[in-house]
Amino acid sequence: MFKTMKRIIRWAGKYQKRLWLGAVFSFFSSFMTAVPTMTAAYALDQAIQAYWRNSRIENTLIWQSLWIIVFSIAFNFLFSYLKAVLQESIGYEVASGQRIHLGDILKRVPLGYFSRNNVGEILTGVTTELSTLELQGMKMVDVIINGYAKFIAILLCFIWFSPAAAFISAAGVILSALALSGISKNSERTAGVTHKSMEAMSSAAIEYIRGLPIVKSFGQEGVSIERFHEASRALKDIHIKIEKGYTPFNCLHLFALKLASMGIVLVCAWQTLQGQISLAYFLMFVLFSFVLFGSVETINEASHTLGVIDSAMDKLESLENVKYIDEDGSDIRPDSCDIVFENVSFGYEAHSTVLKDLNFTIPQNTTTAIVGPSGSGKSTLCNLIARFYDVNSGKITLGGRDLREFTCDSLLKNISMVFQNVYLFRDTIRNNIKFGSPDATEAEIVAAAKAACCHDFIMALPQGYDTIVGESGSSLSGGEKQRISIARAMLKNAPIVILDEATASIDPENEHLIQEAISALTHGKTIIIIAHRLATIEKADQILVIDGGTVAQKGTHEELLRQEGTYRKFIAIREKAEGWRI
Ligand code: ADP
């Protein structure tokens, strides 16, 4: 329990001073809660003594007691307020910084990280686990420090009036602390299982929601809903199991404190009968015996939560310690845009190779069309140029410099990518276009949109450039989304363009506009295009035919047509397909 407390305090980082100062105020605020009772007991004691002496109670005693009580209540409020001001926002401030930091980390890890670790796991890390820490971390530190501070404040009074009662209360709290550490250990052990189950639940929910259109269109619920139900049941079972494991320790904790309360009353009653303490102080002890452990009792919930927080912190640490792909990279401006593949081999998994021993050059300001059957490795090759993954062997150079020498940012400054599956953010069309160029002016945005043939349809929308695009661009047609993504790439104006030509059936009007947009985007650039249209392929300066992860053929359209091989067959099929469409 205290180990986790230390971890949370360390997590508070630069806010630690505020945390400790808050704890000091917490202690004094607790001390002030004991003062009115002690003052009342003292005044009552004096009154009883005066009664036995047959004398009057002095007015000054009444006024002094009254002022002490009023001031202690006022100071109690003031110290609690100061503590709240210092401590309450710390969790939110640290978590917000950490969330942004995690976002940066995820941007710099290889894309393979996301296929190795399921999305649910990453999502729960950034949302649930960080929220646990954000909402509960500081609160728990406060409950524990405040709980024990209150106890120590009252214990100091006990030592003064009755060391025996003080000893009994200390013994009760030590016994309860043992039970609390049992609760905390139990929670630490089970929190990992809970998190796994929550991750499974998130993954199942994501999968279910993503698959809903298919579920609806086929009128079937299928495996996705079963997985969702299964994950919900598993989570419920785990929660019940954890509660059961927690109960015996909780009982021991509460029993130790109740026993100590009874012990205090009995010892003080005996001391009163022996004439060692007065009746007024006996009453004070009886009152204290009820409230003394109140703050310690609530620590049981905190120690359970601390176990969960400990496991959440483990998870966040593992997310933070993931290796950046460009850890050793530096800011480089390449001398040219020549891209060279030298003996490049790559596989997503250690045991499989997707690309084998590739050797070719993409000269600056030329167009290279990549063709080949589906699954042959065309997209993988493009992903390697953008350094979404690192090669397993060989090297890729840009302007003579190995891609592994670049930071991702400095490399990607040189590259615009247009994917087949366009992703638009749930944001305005303007912000979607200026995504890669945050400093672009309105005139530049409109110019890019015009060149990418999307200005007219944007202006026809009720809010024009301020229209919010639905999630994943659902309110726009496929062709419109494609053109917005081309406008985004145009605005970035990078010297290298990697383009995946759309194969989805787009209506002829859109196809014509997309082609126009692409020619505007690619004018005077180094272009690598995963090509499907004959017109694109024929015009390319160089064609790479990828088959089974290797470069099966390389040359211009005319050169390759003269050779026996994959290309000729490929062209024959394309001619037939495009002929059919006409
Ligand atoms: P193409 O673009 O030519 O259709 P890809 O480069 O997409 O081919 O895929 C090449 C091979 O790599 C395929 O066998 C595919 O299953 C595999 N592959 C693609 N992406 C991944 C990935 N993220 N993780 C594991 N395997 C992948």
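This is a predicted model: local features need pLDDT of at least 70, side-chain atom pairs count only at pLDDT 80 or more; totals for chains, interfaces and linings use all residues.

A: Start with the helix itself. Helix α1 covers residues 2-11. Its buried residues are T4, M5, R7, I8, I9 and W11. After α1 comes G13, and the phi of G13 is positive, near 50°.

Now R7. R7 has a relative accessibility of 11%, so R7 counts as buried, the cut-off being under 20%. R7 forms a salt bridge with D314, and the closest N and O atoms are 2.9 Å apart. R7 belongs to helix α1 and D314 to helix α12 (residues 299-320), so the pair ties together parts that are 307 residues apart in sequence. D314 counts as partly exposed, at 40% relative accessibility.

Next, the salt bridges elsewhere. The whole structure holds 15 of them. One joins E230 to R233, with 3.4 Å between the closest N and O atoms. Both residues sit in helix α9 (residues 222-273), three residues apart, about one turn of the helix. E230 is partly exposed at 48% relative accessibility, and R233 is partly exposed at 44%. Another salt bridge brings together the side chains of K236 and D237, at 3.9 Å from N to O. K236 is partly exposed, with 46% relative accessibility. D237 is partly exposed as well, with 44%. Back at R7, salt bridges with shared partners link K3, R7, D310, D314 and E317 into one network.

W63, L66, W67, V70, F71, F75 and L78 make up a nonpolar patch on the surface. Together they have about 700 Å² of accessible area. W67, one of these residues, is in helix α3 (residues 59-87). W67 is partly exposed, with a relative accessible area of 46%. The other patch carries negative charge: E538, E558, E559 and E575 gather there on the surface. E575 is part of helix α22 (residues 566-581). The relative accessible area of E575 is 46%, so E575 is partly exposed.

Now the backbone. Most residues other than glycine have a negative phi. N343 is not a glycine, yet its phi is positive, about 50°. N343 is in strand β1 (residues 339-346), and N343 is partly exposed, with a relative accessible area of 43%. D357 is not a glycine either, and D357 has a positive phi of about 50°. D357 is in strand β2 (residues 355-362). Its relative accessible area is 48%, so D357 is partly exposed.

Last, a buried loop residue. S376 is in the loop between β3 (367-371) and α13 (378-385). S376 has 4% relative accessibility, so S376 counts as buried. Leaving aside neighbours within four places in sequence, S376 contacts V354, L355, I546, D547, G548 and G549.

Conventions
Residues are numbered from 1 along each chain as its sequence is written. Side-chain values use heavy atoms; hydrogens and water are left out. Helices (H or I, at least four residues) and strands (E, at least two) are DSSP runs, numbered from the N terminus. Buried means under 20% relative accessible area, exposed over 50%, partly exposed in between (1.4 Å probe, protein chains only). Contact means heavy atoms within 4.5 Å. Patches are made of residues with over 30% relative accessible area and no salt bridge: like charges are joined within 9 Å, nonpolar side chains (Val, Leu, Ile, Met, Phe, Trp, Tyr) within 5 Å. Accessible areas come from the Shrake-Rupley method with a 1.4 Å probe; for residues, only the protein chains shown count as cover. A salt bridge is a side-chain nitrogen of Lys or Arg within 4 Å of a carboxyl oxygen of Asp or Glu. Lys and Arg count as positive and Asp and Glu as negative; His and the chain ends are not counted. The place of a charge is taken as NZ of Lys, CZ of Arg, CG of Asp or CD of Glu.
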